[in-house]
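Hello,

Here is the structure I promised to pass on. Have a look at it first, and then read my notes below.

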Amino acid sequence: MPHPASRSQRDRPIGRAEARRARRVMAMVVCALLSVGLPGQATLATPPQAAAQPAPLDDGPYLFNEQGKLQAVWICRGEVLCAPVARQQTLAPRCGYPYPLAVPAFAVADAMPYHGERIVAVSDIHGQFGLLVRLLRAHGVIDQQGRWRAGDARLVVTGDVFDRGAQVTEALWLLLQLQAQARKAGGEVHYLLGNHETMALAGDLRYVNPKYVEVAKRLKRSVAGLYARDTVIGEWLYLRPVLLKLGDTLFLHGGITPENLELALDIEGTNAGYRASLGQPKDAVRANPASARLYDGKRSPIWYRGYLDGQLKPEEVRTLTDRLGLARIVVGHTTQKQVGSFHDGRVIAIDSGIKDGESGELLFIENGELSRGLLDGRRVPLVQHAGAPERE
Ligand code: ZN
């Protein structure tokens, strides 16, 4: 069931000052005007190279909402190109995102009812679009054209698509496109926000790839402005949840501490709290008692590492999951060499180091059976650990 706050947030007009600012900056973007082809005419002469490293300053599209009209903007080989586009139009790939892109009619919250058969999860993509595509292709989640082919399965991304790597835009569009395609097939893509999403939306640039600083400069926006509420990516990002429970499994980026159990007992309330705070500066969310706990670095659901750094013993994790009525908690954020099972299967750590751009893994949960999906397409069992990882 969509979150009750979703409709009102979806329809929420951007603030007047924000709109004025957006109009002012958009008016200053100098771009070569393109025609983008009619809906359904999106074809490419040469097949897209998803895994190739992008040339310097190839990026896009960004879809900016300017007084009710959508403008698509790319930077291709350093040149800013733009075109007016319409909702539900399909854009041919130009540079940046390598597949045809269907402009969504509007952004929606995640679709619920869960029937429980097949879940595939991945985390901490950090701009490594090529690796993400290779992993999803190797396991038949997407086809050669980047289209959903996992039927009624659910793909869960436990945060940190942003920062570090140079293909964040491409990864975001892929997830957004897959979400729409999955829904048509009875499946779903759940993109949960991690600490790097909240940082990006709040304008915290500590880990941003320098490419996006340059892109923002060329498009006369701040880096956070590339994902503001007046963009198609932004209107989608600002609706994403942080916590997701599917059956007896809780997914989130960092973790729930024993002191924060109620945050996981009121998933919709916690997700609404995050949504309300997105895009605000760190000082403001920490000064507000309603959001301070959500961003407290030591215990925050998007920053916590306590299951994997020795803070919690296996019996404490057992008590915590029992109280929440969970078989397991699936987290990203703390990098392991491979997807691993800790605390007697109660914690599954799925940040498999994709950020380094060399390898990565998927987690599969099928009728309660867990397995790892490797880059070469093999499926293998999880390595079981009685407690936390050995510290090196
Ligand atoms: Zn993280």
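This is a predicted model: local features need pLDDT of at least 70, side-chain atom pairs count only at pLDDT 80 or more; totals for chains, interfaces and linings use all residues.

Residues are numbered from 1 along each chain as its sequence is written, and side-chain values use heavy atoms, with hydrogens and water left out.

Four strands form an open sheet with mixed pairing, in the order β1-β4-β3-β2. (Helices, H or I of at least four residues, and strands, E of at least two, are DSSP runs numbered from the N terminus; two strands pair if DSSP finds at least two bridges between them.) β1 (32-33) and β2 (59-66) are the edge strands with a single partner each, so one side of each has no neighbour in the sheet. β1 runs parallel to β4 (residues 79-85), joined to it by two bridges, and leucine 33 has cysteine 82 in β4 as its bridge partner.

Two residues other than glycine have a positive phi: arginine 77, near 50°, and lysine 220, near 60°. Arginine 77 sits in the loop between β3 and β4 and counts as exposed at 69% relative accessibility. Lysine 220 is in the loop between α6 and α7 (232-237) and is partly exposed at 37%. (Buried is under 20% relative accessible area, exposed over 50%, partly exposed in between, with a 1.4 Å probe and protein chains only.)

Best wishes
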